[in-house]
Amino acid sequence: MKVLAVLSQKGGVGKTTLATCLAVAAEQAGKVAAIIDLDPQATASFWKDVRQLDTPAVASIQPIRLPAMLKACADAGTDLVIIDGAAVARDVAYEAARHADFVLIPTKTAVFDTMSMTHTLDVVRQLDKAFAVVLTFVPPQGQETGDAIKAVTELGATVCPVKIGNRKAFFRAQAAGQAVQEFEAHGPAANEIKRLYEYTDIQLYKNREVV
């Protein structure tokens, strides 16, 4: 079993959207996936409440129960667990990162967002975890994306080669309890998630070259 943590101590950067979409992508790839929701706002759990399908499983728990829940997932034959972290709470980020095989750190392209992720970077570096920063809500044009990539690079962090655009399909899918690739299977948002899943799969399993 592999564990992917989606962490940022900045709210509103798309953690839950990425967690839910990547879990569905894993299932579409033939894996058994589960989401562990550590966010007190329980957004992933609300997504599951309106979802019409039984999978992926979503469990909303306190961070102290994370080791026991991960063991239960492993015992149940889960292939991939995605941890949806909480904003602000450093202790939650630390606990989630401690158990992760790979960490995705989403950030918007605004300068204050990229700078605010330094606390999350400190956590994953303290634990010596493999990670990448993924840009979310990326505008279709403008210099913000280039500036954000430069800022992340200057912080010494790896920038994920896949960028997630600011697309209405993500919000509409979330509200319907779907992943974007279920809501709009052939749209650009679905393609971004497909590529992001492939990237994270490579990082988790290290079984082929990154293209």
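Predicted model: local features only at pLDDT ≥ 70, side-chain atom pairs only at ≥ 80, totals over all residues.
User: What is the phi of Phe 137?

Analyst: Phi of Phe 137 is positive, about 50°, although the residue is not a glycine. Asp 128 is another non-glycine residue with a positive phi, near 55°. You will find Asp 128 in the loop between helix 6 and strand 6 (131-136).

User: And is Asp 128 buried or exposed?

Analyst: Asp 128 counts as exposed because its relative accessibility is 69%, and the cut-off for that class is over 50%.

User: Where would I look for a cis peptide bond?

Analyst: Look at the bond joining Thr 55 and Pro 56, which is cis with omega about -5°. Pro 56 belongs to the loop between helix 2 (43-50) and strand 3 (57-60).

User: Which residues does Thr 145 contact beyond its neighbours within four places in sequence?

Analyst: Those partners are Thr 109, Leu 135, Val 138, Pro 139 and Lys 163. Thr 145 itself sits in helix 7 (residues 144-154). With a relative accessible area of 13%, Thr 145 is buried, since the limit for that class is under 20%.

User: How should I read two packed helices, and what are the values for helix 4 and helix 6?

Analyst: The general idea is to describe such a pair by the angle between the axes and the distance between them. Here, the axes of helix 4 (residues 90-98) and helix 6 (residues 118-126) come within 9 Å and cross at roughly 35°. The crossing is right-handed.

User: Which residues meet there?

Analyst: Helix 4 contributes Arg 90, Ala 93, Tyr 94 and Ala 97, and these meet His 119, Asp 122, Val 123, Val 124 and Gln 126 of helix 6. By class, the contact has five nonpolar, two polar and two charged residues.

User: Finally, what volume does the largest pocket have, and which residues are closest to its centre?

Analyst: The volume of the largest pocket is about 310 Å³. Its lining has 17 residues, and Gly 12, Gly 14, Lys 15, Thr 16 and Thr 43 are the closest to the centre. Helix 1 (15-28) and helix 8 (168-175) each provide at least two lining residues. The lining divides into seven nonpolar, eight polar and two charged residues.

Note on methods: Residues numbered from 1 in each chain as written. Heavy atoms only, no water. Axes fitted to C-alpha atoms, helices over the stretch in contact; angles between N-to-C directions. Helix = DSSP H or I, 4+ residues; strand = E, 2+ residues; numbered from the N terminus. Left-handed = near helix turned anticlockwise from the far one by under 90°. Contact = heavy atoms within 4.5 Å. Nonpolar A, V, L, I, M, F, W, Y, C, P; charged D, E, K, R; others polar. 1 Å grid on protein atoms, 1.4 Å probe; cavity = no way out; pocket = protein on both sides within 12 Å on 5 of 7 lines; lining within 4 Å. Points joined across faces, edges and corners; volume = space filled by probe spheres on them. Buried < 20%, exposed > 50% of the residue type's maximum accessible area, 1.4 Å probe, protein only.
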